[in-house]
Amino acid sequence: MIQQIWLRFLNGADIDGLNLGAADVIGAVEDVVGAHGRGETVFEPRTHLMPRNDGAGHFNVLRGHVDTLGERGLSGVKVVGDFVPNYQQGLPSELALMTVFDPTNGVPLAIMDATLITEVRTGAMTAVGAKHLARPDSKILGHIGARGTAFANVTMLDSLFPLEEIRVTSRRPESREAFAARLREVTTTPVRAVATADEAFDGADILVEASRLEKPEPLLRTAAVKPGAFVVPYGTISAVELDLLDVMDKVVVDDWRESRSGRFGSLRAHVDTGRLSEQSLYAQIGEIVSGQKPGRERDDERILFWHRGLSILDVALAHLILTRAEAADVGTMLRYR
């Protein structure tokens, strides 16, 4: 007789109630990045599902496995919709669902709302990159983008650095003003909403480009990157100039194979034209976190970190959530068979 199989379903409210802190999320992401650097993870390049919907959006499918999670490791699959116009319906631009499995027998362990995972894992990866690659005394953060992952980006960077000013901008004035107001509720660092990317990036120590463009447009200009700056461009559509890499002392990615895959990414044109290659790349972030290569070595280095979103981050945060949920007996148990 085949034994019953039960799995845990966690909705958004269940996960919100676990009250995961920034330090918890950053720690889980840094651990799995280090595991990736040591070869203790498995993942396939993301794939895209492009429905016929007149360009309203598409789906990303991410699959990953991490050896070091729990006693047996953990495998997972996340499907996330990327629908920029969703704000017009009062919906997040990214809605995601995550399923995790026991890698030794294929048993599904949990299904969970992965919208929060998608938001905070991106911010945590930005923070992990900054921890190793930005100047520790960074004072000014300039950020393009006000939705989706923006809040986690800014708040997690704010938790790590002695920031004296946060500047935010986005295409719609009401969006950037609302974002600035939301940030002021959770930080004592002065937050200023500015009208243009040039204002946001002028003299900034950390420059994050998280725009939601529909076609390429140079928002992050090469001239804005001063010596010692740390730059994170990761918008789906390129918002940087082609000569941006010419001024960089180091270019770091989350995974070089992932950087070369797919149709999207802020540095897609740089890869396609050979401006970014395996030869010009300094490192994958896992090599730095695991101690195989140094991160920032001089205060005047200009360093760029391009991360596209690794499925292993989703698996690591799903494990964190599932572990906390099991301990608190949160969620709904569903009979699988």
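Analyst: E209 is buried, because its relative accessible area is 0%; buried means under 20% relative accessible area, exposed over 50%, and partly exposed in between, computed with a 1.4 Å probe on protein chains only. This is a predicted model, in which local features need pLDDT of at least 70 and side-chain atom pairs count only at pLDDT 80 or more, while totals for chains, interfaces and linings use all residues. Residues are numbered from 1 along each chain as its sequence is written, and side-chain values use heavy atoms, with hydrogens and water left out.

E209 lies in strand 10, which covers residues 206–209; strands (E, at least two residues) and helices (H or I, at least four) are DSSP runs numbered from the N terminus. The side chain of E209 makes a polar contact of 2.5 Å with the side chain of S211, where a polar contact is a pair of N or O atoms within 3.5 Å, and within protein one must be able to donate a hydrogen and the other to accept it, with residues adjacent in sequence counting only if both atoms are side-chain atoms. Beyond its neighbours within four places in sequence, E209 is in contact with residues including V232 and Y234, contact meaning heavy atoms within 4.5 Å.

T126 belongs to helix 3 (residues 115–133) and counts as buried because its relative accessibility is 0%. Its side chain is joined to that of N153 by a polar contact of 2.9 Å.
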